[in-house]
Every structure is written in C-alpha cells, then in structure tokens.
Amino acid sequence: MKVITEIVNLESKQEITEKDFTEIINKLETNFHSQQEGFIDTELLHGEGTNCWVMIQHWNSLEEMKKSSSAMFKDTATEEFRNSI
C-alpha cells in the first residue's frame with residue numbers, strides 16, 4: 001500500500017497558548033481532516049518554548065491530499081485553525 005506523507009511547518013499566533021493551539025488542532029482533526037477521503041492520521045510536534053509546530057499527515061494518495069488541502073481554505077470547520085496561524 002502506498003502512503004503519502006505531508007509535512008507542514010506552522011507558526012501559531014504569539015497570543016495563543018500551547019494548550020489552546022493543541023485543542024484547535026484536535027478540533028481540526030475531528031471536524032475536518034478525519035472527514036476527508038484518503039486521510040489516515042496526523043502527528044503534531046511542537047518546538048518547546050516557541051510558537052513553531054510541525055504537522056505530519058499521512059494520506060492514501062497525493063490527489064486526496066491535494067483535494068483536502070484545497071478544501072481546507074474554504075471550509076468553515078477550519079476557520080478557527082486558519083485564524084490561529
């Protein structure tokens with residue numbers, strides 16, 4: 001089985017705490033990514049003492065990953081996440 005790995009570097013806004021950003025990501029995964037065709041899983045890494053994050057996602061295909069990435073910037077379920085970076 002072929003798996004596509006997407007690695008995204010993110011910076012949360014300075015005023016958002018680590019706990020709050022983690023909760024935002026959990027909502028993003030529950031309400032958006034897990035609903036997308038081809039989504040497998042996500043791992044979130046945080047640079048301690050910074051607002052820098054790395055999101056590692058696995059997808060069944062490049063096409064499904066691209067479709068989801070495009071939809072993410074239009075879907076209301078992702079608005080809180082988009083406003084936090």
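Let me begin with Glu29, which has its place in helix α1, where helices (H or I, at least four residues) and strands (E, at least two) are DSSP runs, numbered from the N terminus. This is a predicted model, in which local features need pLDDT of at least 70 and side-chain atom pairs count only at pLDDT 80 or more, while totals for chains, interfaces and linings use all residues. Residues are numbered from 1 along each chain as its sequence is written, and side-chain values use heavy atoms, with hydrogens and water left out.

On confidence, pLDDT being the predictor's confidence in each residue, from 0 to 100, the protein averages 95, and 100% of the residues score at least 70. The mean is lowest in α2, at 94, and highest in β3, at 97.

Back to Glu29: is this residue buried or exposed? Its relative accessibility is 13%, so Glu29 counts as buried, the term meaning under 20% relative accessible area, with exposed over 50% and partly exposed in between (1.4 Å probe, protein chains only). If we leave aside the neighbours within four places in sequence, Glu29 is in contact with Ser34, Phe39, Thr42, Met55 and Gln57, contact meaning heavy atoms within 4.5 Å. With Phe39, the C-alpha to C-alpha distance is 9.9 Å, for a pair 10 residues apart in sequence.

Now to the sheet. Strand β1 (residues 4-11) is joined to strand β3 (residues 52-59) by 8 bridges, and the two run antiparallel; as a criterion, two strands pair if DSSP finds at least two bridges between them. Strand β2 (residues 39-46) is likewise antiparallel to β3, joined by 7 bridges. Which residue of β3 is the bridge partner of Asn9? That partner is Val54, and Val54 is also the bridge partner of Leu45. Elsewhere in β3, Ile56 is the bridge partner of Glu43, and Trp53 stands opposite His46. Between β2 and β3, which form a hairpin, there are 5 residues, and in that turn Gly49 has a positive phi of about 80 degrees.

Taken together, the 3 strands form an open sheet in the order β1-β3-β2, with antiparallel pairing. Because β1 and β2 stand at the edges with a single partner strand each, one side of each is left without a neighbour in the sheet. Neighbouring strands are turned by 20 degrees against each other on average, direction ignored, where axes are lines fitted to C-alpha atoms, for helices over the stretch in contact, and angles run from 0 to 180 degrees between N-to-C directions. Helix α1 (residues 18-31) packs on this sheet and touches β1, β2 and β3, its direction making about 20 degrees with that of β3. Helix α2 (residues 62-72) also packs on the sheet, touching β1 and β3, at about 30 degrees to the direction of β1.

Staying with α2, its buried residues are Glu64, Met65, Ser68 and Met72. Seen down the helix axis, these buried residues fall within an arc of 100 degrees, so they line one face of α2, the arc being that of the directions from the helix axis to the C-beta atoms. On the face turned away from that buried side we find the exposed residues Glu63, Lys66 and Lys67. The cover over the buried residues of α2 includes β1, α1, β3 and α3 (79-84).

Which residues make up the largest nonpolar core? There are 10: Leu10, Phe21, Ile24, Ile25, Leu28, Phe32, Trp53, Met55, Met72 and Phe81. By a nonpolar core I mean a set of buried Ala, Val, Leu, Ile, Met, Phe, Trp, Tyr and Cys residues joined through side-chain atoms within 4.5 Å. Two or more residues come from each of α1 and β3, and α1 gives the most, with 4. Phe32, one of the core residues, touches Lys27, Ser68, Ala71, Met72, Asp75 and Thr78, not counting residues up to four places away in sequence.

Finally, Val8 lies in strand β1, and at 25% relative accessibility Val8 counts as partly exposed. Beyond residues up to four places away in sequence, Val8 touches Trp53, Val54 and Met55.
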